[in-house]
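Thanks for coming. I will keep this short, and the picture goes up now.

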Amino acid sequence: MGPPPVVTGISPKEGPPGTRVTVRGEFLGTSPTDLLGLTICGCDCLLSAEWKSVNKIIARSGPGKGRGGGGRWILLLRTPSGGGKRNLYSSIW
């Protein structure tokens, strides 16, 4: 079974809807097809997501407002793991 995704940073830290968001971390999938879901502040951003590497994903934030205060991102990321299960990462930035 593969390890769950680990997000080590998101930039920028906050922004209005449509902001280009860079997600950095580890185990973010081994190919673009491994990115099964990306939600930022409750909005599905998978269609705008660009898988760049095992350590980097770029997407545009949706129309939702951050619930972490001050427009900060709430991130939900899904990638596959062994046995067809899904690994999940969730965080407030």
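I will start with the whole chain and then turn to two residues. Please keep in mind that this is a predicted model.

First, the overall make-up. The protein has eight strands and zero helices, so along the sequence the pattern simply reads β-β-β-β-β-β-β-β. Of its 93 residues, 39% count as buried. The accessible surface comes to about 5,100 Å², and carbon and sulfur atoms account for 56% of that area. As for contacts, take those between residues at least 6 apart in sequence: 54% of them join residues at least 24 apart.

Now the two residues, R20 and S61. They sit 41 residues apart in sequence, yet their C-alpha atoms are 6.5 Å apart in space.

R20 belongs to strand 2, which covers residues 20-26. Setting aside neighbours within four places in sequence, R20 is in contact with S11, P12, I58, A59 and R60.

S61 lies in a loop, the one between strand 6 (56-60) and strand 7 (74-80). Its relative accessible area is 6%; that is under 20%, so S61 counts as buried.

How values were computed:
Residues numbered from 1 in each chain as written. Predicted model: local features only at pLDDT ≥ 70, side-chain atom pairs only at ≥ 80, totals over all residues. Heavy atoms only, no water. Helix = DSSP H or I, 4+ residues; strand = E, 2+ residues; numbered from the N terminus. Contact = heavy atoms within 4.5 Å. Buried < 20%, exposed > 50% of the residue type's maximum accessible area, 1.4 Å probe, protein only. Areas by Shrake-Rupley, 256 points an atom, 1.4 Å probe, with all protein chains shown as cover.
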